[in-house]
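Please look over the sequence and the structure shown below before reading on. The briefing that follows goes through the topics one at a time.

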Amino acid sequence: MSNPAALAALFSLILPGAGQIRSGHRSRGLIILVITLIIVGLVLWLNLSPASWLGLAVAWAANVWDAWLIAGGQRPKTALLALALALPIYVIGWQVTNIDLVRFFTSANRAAPVVRGLLRPDFFAREIDYGIAGNDFYLPCPAPADAESSAAPNGATVTISQNCGLPGETVQLTGQGFDPNQTLQLWWTNPVGAESRVRIFGEFEPFQVDENGGFQTEITVPNQRYEADNPRAHSLELRYIASQSSYQVTENARLVASRIGETIAQALMATFVGALLAMPFSLFGARNLMAGNPALKVLYYISRTVMNVLRSVEPLIMAIVFVVWVGLGPFAGVLALTMHTIAALGKLYSESIESIDVGPIEAIRATGANQFQIIAYGVLPQVIPPWIAFTVFRWDINVRMSTIIGFVGGGGIGFLLAQWIRLSEYRAAGAAIWAIAVVVIILDLISARVRERLI
Amino acid sequence: MLEVINVSKVYDDGTRALNNVSFTVEDGEFLVLIGLSGSGKSTMLRCINRLIDPTEGRILYNGQDITNADPRELRQIRRQIGMVFQHFNLVKRSSVLRNVLSGRLGYTNTLSSVLGLWSAEDKQKAMENLRLVGIENKANNRADELSGGQQQRVGIARAMMQEPTLMLADEPVASLDPALADSVMRYFEKLNQERGTSVICSLHVLGLARRYATRIIALKAGEVVYNGDPDLIDDVRFREIYGDEAVEHSLR
């Protein structure tokens, strides 16, 4: 092996980066070695699939090729080498984050109820009066002689192939006298009065009456609790829409409106109190005001540190603390948002004091104005507009945040939304999400307008 | 009469900006300070109204000691001395009118001025001064909507609100288009000739200095190197002031 290029390539094949180091490119070789070791370590430690071994192989090969090029006196392709070294890192990242594109597409239908809820938010609904034709059904047999069947107001009747049985048995239903092509819902009411819809062929879907006003179908007796020696009357009912009102605002819509109001009020309180408290902090945290005196310097550093620490804690986390502290509800949310607002606005306020133009202050001092007049005419006009702009922007951010803070019990619309999502009430959740979107968009527009005018 | 007696200024970082400077300014003079940047012109002007406190020496205005004035006296002296700045020093977000009115602050009581309650007389005076500098139609514009030349005229109107007996101008035309320099300088000339206001103005273009000054004081490294008639600055003197490499360019 007298060929230096081949020798360097062999070195790098055995130990990544060794060939490069041998050719005098020490830092390049060391970087390659360290990156490869990290990749090997990750692959072994996380016990990843063969795909990452493949990525590692590509990186290893690129390293050998690089050593070959360098030792052979050719121009190394550094960009390609970097890409090859990055490849296994992406492969590992892909696996660690459980990226599954197949599931993304094949399970799309599972999102359907959520999307349907979003598309049909529960803002308005009709009040519906049902007509009912029913039969008693006894669990278990035998049924007493006086088992009832009732006719619907429009004279429709339903006959049932047997009026007693056990869960899982199949029963024939025959109906007549309904309005042609009417839509029916099948309901089961147990002796305690709990209602549930009965599935036909596993589906909830309402079924249709034929053009003669009759139908015939079979159902499976639902799984209801019973006592073997005590037959009790359940009721099997067919309901149809007898009359319905015009669209009206639903109870959920009212709830959404009141909670959105609560959210906006939360943000308003947090912004207002936060802005007030941020002002002294911002004065103490403005370098140009605190220069000179060592005591002021100490105050400056304290104020800066407090603001930095407060700002680094997410309001969501603060809300968890305050929910424990003052209990569930909007007050905990207000406290969390206020803390964050003090820190965020304090920093912005003090930065606008620091970026103040000293020229006008000098000019106003030169006219013989006193300290109060200098502040009123030289300082405030320069800081008030950005302060207002920052504050309005903060309100906007606080509204967004207070929608989320409800998820951990901090009150507002998020509280409701989280409940509805857990209860799979996607139409109600849809209404909440729409309301949040509308409010956020409106506030966004307002705050953009205000900022445009002030800055 | 303004008397500057043995004034020195040493900044905290050790820079000696003025070194034993003495001169007097009679009422009605148009004095121009020239010199390279860093020669102490701005420091000298700011020592006069004590925007900067001199380290040594005394400055008397009409016999009153400015350097030892207490805050109240100092404000009363300052309001007789107007000042115009190179970068105009307007409050950019405030209206032109409010900027001009702020020139009157030394004469108004704190509460009503802080609340923005100006007397009709003061407002009228502000409009009058804006008319004098030809921008009364911009009174309600924001200051930063105006061009540089217009902003400097607002600065002049603000200083005129003080009805000053002495006007300080720190490079008033240095950040303007040279073509506008004359039009701004003429306001100082007019003030000087029609109202008898003394003017002390720093300039770095000798041509302008020659045209407007009744007397020139040249500073070099914080010391007075020339004090006299504008027309007597010849090539030799010019080199003394500006250094051997300098060449005088005529303004036009």
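Which residues touch the most other members of the largest nonpolar core? They are Val32(B), Val100(B), Leu168(B) and Val199(B), in a core of 77 residues. This is a predicted model, in which local features need pLDDT of at least 70 and side-chain atom pairs count only at pLDDT 80 or more, while totals for chains, interfaces and linings use all residues. Residues are numbered from 1 along each chain as its sequence is written, and chains are lettered from A and ligands numbered from 1 in the order in which they are written.

**Nonpolar cores**

- A nonpolar core is a set of buried Ala, Val, Leu, Ile, Met, Phe, Trp, Tyr and Cys residues joined through C-beta atoms within 7 Å, and a residue is buried if 20 or more other C-beta atoms lie within 10 Å of its own, exposed if 12 or fewer, and partly exposed in between, with C-beta atoms placed from the backbone.
- A second, separate core has 37 residues, among them Ala319(A), Phe322(A), Trp395(A) and Met401(A).

**Chain A as a whole**

- Chain A has 455 residues, of which 35% are buried, and it contains 16 helices and nine strands.
- Among contacts in chain A between residues at least 6 apart in sequence, 69% join residues at least 24 apart.

**A helix pair in chain A**

- The axes of helix α4 (residues 50-71) and helix α5 (residues 78-96) of chain A come within 8 Å and cross at roughly 170°; axes are lines fitted to C-alpha atoms, for helices over the stretch in contact, and angles run from 0 to 180 degrees between N-to-C directions.
- That crossing makes α4(A) roughly antiparallel to α5(A), a label used for angles over 145 degrees, whereas angles under 35 count as roughly parallel, 65 to 115 as roughly perpendicular and the rest as oblique.
- The contact of α4(A) with α5(A) has 13 nonpolar, three polar and one charged residues; Ala, Val, Leu, Ile, Met, Phe, Trp, Tyr, Cys and Pro count as nonpolar, Asp, Glu, Lys and Arg as charged, and the others, Gly among them, as polar.

**Sheets**

- In chain B, four strands form an open sheet in the order β2-β1-β4-β5 with antiparallel pairing, and two strands pair if DSSP finds at least two bridges between them.
- The edge strands of chain B are β2 (16-25) and β5 (64-65), each of which pairs on one side only.
- Strand β4 of chain B, residues 56-61, pairs with β5(B) over two bridges, and Tyr61(B) stands opposite Gln64(B) in β5(B).
- In chain A, three strands form an open sheet in the order β3-β4-β8, again with antiparallel pairing, and the twist averages 25° from one strand to the next.

**Where the chains meet**

- In chain A, 19 residues are in contact with 22 residues of chain B.
- On the side of chain A that touches chain B, α14(A) supplies the largest share, eight residues.

Notes:
Contact = placed C-beta atoms within 7 Å.
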